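Hello,

Here is the structure we talked about. Please keep it open while you read the notes below.

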Amino acid sequence: MTFLALDVGNTRLKWGLYDSPAPGATLLGHGAVFLENIDRLADEDWRALPEPTHMLGCIVAGEAIRRRVEEQMELWDITPHWAVSSAAEAGMTNGYDHPTRLGADRWVAMIGAHARMLQQVNGGAPKPMVVVMVGTAVTVEAIDATGKFLGGLILPGHGIMLRALESGTAGLRVPTGEVCEFPTNTSDALTSGGTYAIAGAVERMVQHVRQHCGADPACYMTGGAGWKMAPSMSVQFELVDSLIFDGLLEIAKHRLDHPTPVWPSRGLY
Ligand SMILES: Nc1ncnc2c1ncn2[C@@H]1O[C@H](COP(=O)(O)OP(=O)(O)O)[C@@H](O)[C@H]1O
Ligand SMILES: CC(C)(COP(=O)(O)O)[C@@H](O)C(=O)NCCC(=O)O
Ligand SMILES: [K+]
């Protein structure tokens, strides 16, 4: 039972092929393509892959992109399934005003992080969490120890911050700089400004969760630009590149264990 996990963000499509639809499955292959190159997947990246028998993805890139991804999947005999945010799933509850309006990638990453935290406390008391995703945008989620999503921040990512400054000014078109505490040139000032804007927002959220929950949160970070942020964080974050795939595997397992009418019965997915 091979399982294809897809994470389609606003910049890139990430895919992972696993040997089964359950947490702890072995990764057989993975890759990432920019959205403009999606149409090559069937002919190139996916051509020589063993055929997946199940698939679950999450997508925040819009309907037109979803159709282009599904077209590529016609290479195989599988039905596309996409995770959506809901009021409750896989041991978590969703405190968003309108749970279904929460970005599916945010929900799935929280589910992945929650399973990881439970495994790490190994039967001990569950911890609150802060889950940071550094992609096109940056999201900073707060989850209490019962697995309730309390709410989260959305910030521009590094690329959007730089492009906004470039397009709104005459004098800020410079190469990428280094992160430093006291930048003395424009490049370093921009790079450091963006990085510490994100780090500062994350730090505030950690404080808010600590105050609200009365315990230190477990902190997880993921996303294509997570590695850029990790060295500049003032609190210890575990960088987990696979958080969304882990969440998809978790959801897949829960749905197989507890099938509902929402989950189509044709095939397993
Ligand atoms: N090799 C890379 N290719 C693309 N983006 C990268 C790469 N390394 C870091 N990044 C950064 O990661 C961001 C995209 O991350 P990603 O998680 O793919 O975003 P999304 O999920 O929104 O598509 C880009 O804004 C870029 O700053
Ligand atoms: C916040 C996001 C744009 C993040 O997208 P990404 O950076 O992963 O491409 C996405 O999760 C989204 O469109 N969310 C819907 C709005 C919300 O979560 O409130
Ligand atoms: K993402």
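R106 is buried, because it has 25 C-beta neighbours inside 10 Å. The term buried means 20 or more other C-beta atoms within 10 Å of a residue's own; exposed means 12 or fewer, partly exposed is in between, and C-beta atoms are placed from the backbone. R106 sits in helix α2. Leaving aside neighbours within four places in sequence, R106 is in contact with M133, T139, E141 and G152. Contact means that two C-beta atoms, placed from the backbone, lie within 7 Å.

Before going on: this is a predicted model, where local features need pLDDT of at least 70, side-chain atom pairs count only at pLDDT 80 or more, and totals for chains, interfaces and linings use all residues. Residues are numbered from 1 along each chain as its sequence is written, while chains are lettered from A and ligands numbered from 1 in the order in which they are written.

E141 lies in strand β8. Helices (H or I, at least four residues) and strands (E, at least two) are DSSP runs, numbered from the N terminus. E141 is also buried, with 23 other C-beta atoms within 10 Å. Not counting residues up to four places away in sequence, E141 touches R106, M110, V130, V131, F149 and G152. V202 is 61 residues from E141 along the chain, yet their C-alpha atoms are separated by 9.1 Å.

Now the record. UniProt (unreviewed entry) gives the feature "binding site" at Y96, G103, A104, D105, R106 and T186. Such annotations may be inferred rather than shown by experiment. These positions span 91 residues in sequence and the farthest two C-alpha atoms are 38.9 Å apart, so they do not all gather at one spot. Y96 is in the loop between β6 (92–94) and α2. Y96 counts as partly exposed, with 17 C-beta neighbours inside 10 Å.

Next, the ligands. Which residues are closest to ligand 2? Of the 13 that surround ligand 2, they are G9, N10, G103, G135 and A137. A shell residue has its C-beta atom, placed from the backbone, within 6 Å of the molecule. Both α2 (104–121) and β8 (137–143) give two or more residues to this shell. The shell around ligand 2 holds four nonpolar, six polar and three charged residues.

Ligand 1 is surrounded by residues including G9, N10, G135, H158 and G223. Its shell divides into one nonpolar, ten polar and one charged. Here Ala, Val, Leu, Ile, Met, Phe, Trp, Tyr, Cys and Pro count as nonpolar, Asp, Glu, Lys and Arg as charged, and the others, Gly among them, as polar.

Best wishes
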